[in-house]
Structure formats: C-alpha cells, structure tokens
Amino acid sequence: MKRAESQSSPQADRLASVRSLLRAMIVPVASVVVALAIGAVIIVVSGANPLVAYSALFEGGLGSSRAIGRTLEKATPLIFGGLAVALAFKCGLFNIGAQGQLLLGAVFAAFIGFSLQGLPAVVHVPLALLAGAIMGAAWAAIAGSLKAFTGAHEVITTIMLNFVAFNLTDWLANGPWKDRSPGNIVARTPAVAPEARLPDIAGVPLGILLAVLAAFAVWWLIWRTTIGFELRTVGQNASAAKYAGISVRRMMVLAMVISGFLAGLGGAIETLGVVGRFQPGFNVGLGFQAITIALLARTNPIAVIPASLLIGLMQAGAGRMQFNSGVASEIIDVIQALILFFVAAESIIRWVLRLRAEEGERVTLSSGWGS
Amino acid sequence: MQITERMARPSAARIPWVTIGVWSGLAILVLVAYARAPLATTAVLTSTIRQSTPIILGALAGIMCERSGVINIGIEGMMLIAAFLGFLFNVWTGDLLLATLGALLVGAAVGAFHALMSITLKVDQIIAGTVINILAVGLTGYFYQQGLTTRGKWSSVSIPLLADIPVVGPVFFSNPPITFASLILIVVVHVLLFRTAWGLRTRAVGEHPAAADTVGIAVNRVRYINVIIGGMLAGLAGAFLTLESVGSFERNMTNGRGFVSLAVMIFGKWTPFGAWGGSLLFGFANALQSQIQFLKNQLPPWLAWIGDLPPQFIGMLPYVLTIAVLAGFVGRARPPAAIGKVYQKE
C-alpha cells in the first residue's frame, strides 16, 4: 500500500512521509503527556500544586533568552549521550556506560586544556575535544572487546566501568591533576586555558552546533554508509550477519568505539564550553537520561535532538520549579522514568489511544547473557 | 540432550577438584593469617560475610527469575525501593520485624511490576529492568527527606556454644538476623530449585517453555510467581542495607550491588552455592576496602605498598573484580535457554 502511494506522485509521496512521521510521533508524544499527568498526581499527593510546579518548570526552561540558553546548555551533553546509546542500540548493544565514557572524555579534555599553554584556539580546541572523544572511545572499547571476545554482557561491564571511571577521575582530580593553586581545597583540575574554551558562533554556543552536527553525522553513518548497514545487520540478526560475511565481533567493538567517542565528545564539550575545568560528580545520571532519550527518539539520531531538548528543558527549569512551588527537583527523574516506561510499554499507550499495532522496528536487546 | 544435561541436578558424579583446591588453599591462607594476626583476620572474615549478604540475596533473586526464563536487571532498583520503604516503615512503626516484612512485601510488589512488564506487556526485559532502576532512583530521591531519625537496626545474635568456636564462631554463628536468613536461604533456594516439583517446573519453563506447556505447566503463571519470589529476595537485600547494616537510608545507597549480584549469579552458573562462592569473593574485596585503615600496620613489609594505595584504587577493586569474573566465566557458563523470550502459545 505504501509503495503504491509513493509511486503515484511526489506530492502524495510527501504527504505519505508526513503521515508516517506523525504516526511515529504519536507514541512518544502520548508517553510524555501521560508521564507528566502521573507526575502531576505525585505532586498532588506530596501536597503541592502541579500547575504552579509545571508552569515554573517551563518558565525556567523557556521563559527568557537566558532560560533558553540554559536549556540548550543542558541539552548538549544529552544529545551526545542519546546518540551514543541510540547508535549502540542499532548494533544490538545496550550501552549503559555513557556516564563513564563522558567522565573520561571530560577529564582528558580538561587535562589537554590546562596543561598546554599558548596554543592558538584553532589548534587547542580541536585537540582537547579530540583527546576527550578518543578517551571515551577507548573506555567503551573495553566493554565492546569484552563482549565480542569473552561474551561478558555489556550491560554489566559498562555499569562496572562507570564505577571504575568515577573512582579513576576522582583520583586524577584529587591527585596528579589536582588544582594546586593556593586556597583550593576541593577536588578539581586547574581551569583550562582561555584558548581552549569553546567560543560562541553568532551568539550560539559552539557545543550545541556540534551536537546537532553530530546527530546528522550519525544519521548519515547509520543509513548511508557500508559500516552503518553492517551495524544494523548485526543488530537485527547477528547470525545472519555472520552468514553474510560480516565480522560480528569487529562490528560490536566498532559500535562501542563510536558510541564512546560520542559520549566522550559530549563530556569534552561540557568541560570546555560550560564548566571550564573538571570536577568530580559532574553530570551524574546522564547515562540513564541518555537511555530515556534514545528510546523516546526510537533510536532515530535526528529525533534525539528534540528528545534531548525536552529533557534539557526539564533540567533547566527544575531549579525554578523547586524555588517557586517547593516541589523537589527529583520529580524530574520520576517523570523521565515514567516516559521510559510508557515508551517501552507501547502496548499500554496503544490501548489507551485505541491504536492498532504497527509493524515497525522494535528494539530487541534480551538475547540473554551469553552471546 | 543438552536440555537433559542442563536439567539435571548439579551431580556429585564428577568431583570438582579445582573448586576443592581453591577453597582449601583459601582455608590454609586464612589459618596462616589467623596465626599472624588473629583479631584482624576475624574482623576481615566477619566483614566478608556481612558485605556478601546483600550480594548473595540479590544473586538468589536473579537465580529465581532467570531459571524461569526472565532476565531481571532491575534488582538494583528493587533493592533501593525496598531499602527506602523498609526504613520508612521502621521510622513509622518502630518495629524492626514489621519493617523487614514490609520491605519483603515491597520487593514482591516491584517484582510483580517487573513480571507485568516483561511477561504481560511484553516489554523488552532489559528495558523493563532499566525502567525499575530509573524509577527507583527518582522515587526514592523525590520522597526522601533529610533528618529522619533512625529507630535502630538489627543487632547481632550469637548462637550459644557454636559462637565460641575460634574464627568460625564469630564469623558464622554470631550475626544479625538477615545475615543468618541469607545463609539459610542459600540452602532453601537450592532445595527448592533442584529437589522439588516446583523447581523442576521452574527449570522446565526456563529451558523449554513450549515443552513445559504441552505437559500442562502454566508457563506464565510459573514465571510470575518466580519473579515475585525474586522480588522478595531483592527486597530482603534492601532491608539488609537500611535495617541491619547502616540503620538509615542514603541516596543511591545500593551503589551497584544489584548489578554485582547478577555478575555473581553468572559466576555461580545460576546455582545458589556457586553464587555464594562468588559473593564471598566480593564480600572479601569490600571487607579489605573497609578494613584497610586498620590493616595498614599489620601488613608484612613486602605488602606495605597496599596500604599506601590511593583509596580510589581500593574502591575500584570490587568493580574490576566483577568485570574480570564476567570475562572469565561467562563463556563457560550457559544461561537458561529460554531466557529473555516472551512465551506465547502457538
């Protein structure tokens, strides 16, 4: 049926693609609405007014140009994290380790940022970004190789690597790379050189531009290159991929490397663009937010952008909400978990909206622990 | 053929020489350490048992779920919610027993939620577990109020006579109740899985649900009940954290223990005693970490460098060990065949 439509005329073709886009958006949008509604019930139960809370939330994230700037700032690492998780999903891998990869990327970008002095910005910025991205990739490569060569499930290894990364970066910021300037007693690295800070381009932070660019690059990689085709084939049916002559092990390691590269780049951008140095306890919870975003976007790299903006908006507005309505900012985590639940349990939303199930791509991850 | 082999009880036919060798080696090591530093050795071993308690309970939870064919990555979240509500029950009622039973019920409820998602709603089981984990962090963080005063925690009980045996006495026979319960539950789950009709059904459902169905086993009902039992075990692990170990609730206090439990379950090849061995290993790593300050002066000169390691490196130890264990054992252990798959009647 779809084919007949698409062959008829360019106009009908466009109409059909708009319709399929709208159809693809129903479940995510409905999930967000239902999650916000349940969040409102929880707010009422805890004795506050959800309307006051939600309007403060949106005001804090969209109400002024400063608020919008904050939303974009929060959304930037989320886009990278969401892309990292989405890309791994395409290869059938569940990367819960975006958090650790981001930490490694952040600390190494900070190291290049503060240890080199006097380089021009056109050299220093790319160098520091690249250092962060490569360290993120290397960290993820550990989990990818363990999966490919020993069968150790990435869900557990990436979480364990998050804890190791947390300890490792904490040690670096407390020990060899500690800010030794007089008066500093906290664990942090020195500030990066001014030439290593990310500039604004025409008033827009370079970080969000790079994030949007990365989303399109990942889309292109997945859908327009041989590597992308092989990644998707492994993700859909590893044994068929093997039969077709694709090296499943190589693709698994490669998918994790690219995934970690993205997460590490996100950490580097956050360090060079926002924080200006590395401090432990940075972006806690990003790994799980990235999973919510990737599934809300149905693993589509372009859709990761609006999904991240939504979560970024909530983060940006959480402080205002807590101040205006007394609702603890942790409600954001609850709403995110509910969004994830409804996106995952699509059948509930379909039942509520009386929608027929459509045959589409479904993310399948549970291939057990072994293979 | 593989199925019959798998369905069989861990038999005594082949003597596990390697295991015997490793454990007797460890026993000799403990004796030598005890001869040199009796107090420190007893302290480390006691701490090992306590630290391994939430891990083995979590691993038993994983075994119950996975033997029936349901992956449960949400054990971490189940522990956290039960730890939180168990603590609140204790604050409200002031009764540790009621609070512990409450935590068990909470675990059962979250287990039922996992079963609902992964069996009835057919959500991908790993995502279902992730939902529980994120929800647990969010809900406990949102409802947590600072400054709730603790109403005490379980204290140690000594079994008369047995507790007086040197080393073994204080380590095994003088413990708080949930630690005792975890030791007993290892045996209970072993018997349940390998010596009862229920266990046979559970394993049949986990290995070959279609075949189990044809002989009249209600596949999804068996799975539901096992996942709920698993939830209760995870709930007990949570109760251990707030009602026996710490005495109060802290944000994210599970600290990855639920995930370590799953690694331990794989290490133990989905058997309770194997998993116990694994959790003792992790308990030992944690015990060393918590006792290192006291051990520093007792180390022989050639090991003195351990005392000088930055604390973060010692903090990494349990997690690095988990990765090493997974990398070394996963390939040789085979999970239940039907794991992670929704069962639908043809």
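**View 1. Helices H7(A) and H12(B) lie oblique to each other.** In this predicted model, the axes of helix H7 (residues 154-174) of chain A and helix H12 (residues 257-267) of chain B come within 10 Å and cross at roughly 135 degrees, which makes the pair oblique, a word kept for angles that are not under 35 degrees (roughly parallel), over 145 (roughly antiparallel) or 65 to 115 (roughly perpendicular). Axes are lines fitted to C-alpha atoms, for helices over the stretch in contact, with angles running from 0 to 180 degrees between N-to-C directions, and helices are DSSP runs of H or I with at least four residues, numbered from the N terminus. On the H7(A) side the contact is made by A:Ile156, A:Ile159 and A:Met160, and on the H12(B) side by B:Phe259, B:Leu262 and B:Ala263, where contact requires C-beta atoms, placed from the backbone, within 7 Å. By class, this contact has six nonpolar, no polar and no charged residues (nonpolar: Ala, Val, Leu, Ile, Met, Phe, Trp, Tyr, Cys and Pro; charged: Asp, Glu, Lys and Arg; polar: the others, Gly among them).

**View 2. The side of chain B that touches chain A.** Here 42 residues of chain B are in contact with 40 residues of chain A. Helix H6 (125-143), H12 and helix H15 (311-329) of chain B each supply at least two residues of that side, and H6(B) gives the most, with 13 residues. The residues on this side of chain B divide into 29 nonpolar, ten polar and three charged.

**View 3. B:Val131 in the largest nonpolar core.** A nonpolar core is a set of buried Ala, Val, Leu, Ile, Met, Phe, Trp, Tyr and Cys residues joined through C-beta atoms within 7 Å; of the 219 residues in the largest one, A:Leu83, A:Val304 and B:Val131 touch the most other members. Not counting residues up to four places away in sequence, B:Val131 touches A:Ala337, A:Leu340, A:Phe341, A:Ala344 and B:Met117.

**View 4. B:Val325 in helix H15 of chain B.** B:Val325 is buried, with 21 other C-beta atoms within 10 Å (buried means 20 or more, exposed 12 or fewer, and partly exposed in between). Leaving out residues up to four places away in sequence, B:Val325 touches B:Ala263, B:Phe267 and B:Gly278.

**Notes.** Residues are numbered from 1 along each chain as its sequence is written, and chains are lettered from A in the order in which they are written. Local features need pLDDT of at least 70 and side-chain atom pairs count only at pLDDT 80 or more, whereas totals for chains, interfaces and linings use all residues.

Methods:
Contact = placed C-beta atoms within 7 Å.
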